[in-house]
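Here's a quick briefing on one protein model. Take a look at it first, then read on.

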Amino acid sequence: MSSTPRDTDRSLAYPEPPASPCWHRSGPKPTPLTPEQQRHNREALALALRAPRPRSPRTAHYLTVGADS
């Protein structure tokens, strides 16, 4: 399908406005993680990936429909 000037979005033809000054951080840069903190994060991530995901709770409707079957 070819686009005609009638069906194109005119707002896309203009450049994006500059970012808000509120988005820029001022002050000290964050300090890098220590090797101990990195190890702790890796272990926590590995544990979270191994753990079974919690099941969503069953609704009362599901329980009453399931009991009739």
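Predicted model: local features only at pLDDT ≥ 70, side-chain atom pairs only at ≥ 80, totals over all residues.

Residues are numbered from 1 along each chain as its sequence is written, and side-chain values use heavy atoms, with hydrogens and water left out.

**The whole chain**
- The protein chain has two helices and zero strands (DSSP runs numbered from the N terminus: H or I of at least four residues for helices, E of at least two for strands).
- Of the 69 residues in the protein chain, 0% are buried (buried is under 20% relative accessible area, exposed is over 50%, and partly exposed is in between, with a 1.4 Å probe and protein chains only).
- Carbon and sulfur atoms hold 61% of the accessible surface of the protein chain, which comes to about 7600 Å² (Shrake-Rupley method, 1.4 Å probe; for residues, only the protein chains shown count as cover).

**The salt bridges**
- Side chains of opposite charge can pair when their charged atoms come close.
- The whole structure has two salt bridges (a side-chain nitrogen of Lys or Arg within 4 Å of a carboxyl oxygen of Asp or Glu).
- Glu36 pairs with Arg39, with the closest N and O atoms 2.3 Å apart.
- Glu43 also bridges to Arg39, at 2.6 Å between the closest N and O atoms.
- Together, Glu36, Arg39 and Glu43 are linked in a network of salt bridges.

**Where the partners sit**
- Glu36 and Arg39 are three residues apart in helix 1 (residues 35-50), about one turn of the helix.
- Glu43 and Arg39 are four residues apart in helix 1, so about one helical turn separates them.
- Glu36 is partly exposed at 47% relative accessible area, Arg39 is partly exposed at 33%, and Glu43 is partly exposed at 45%.
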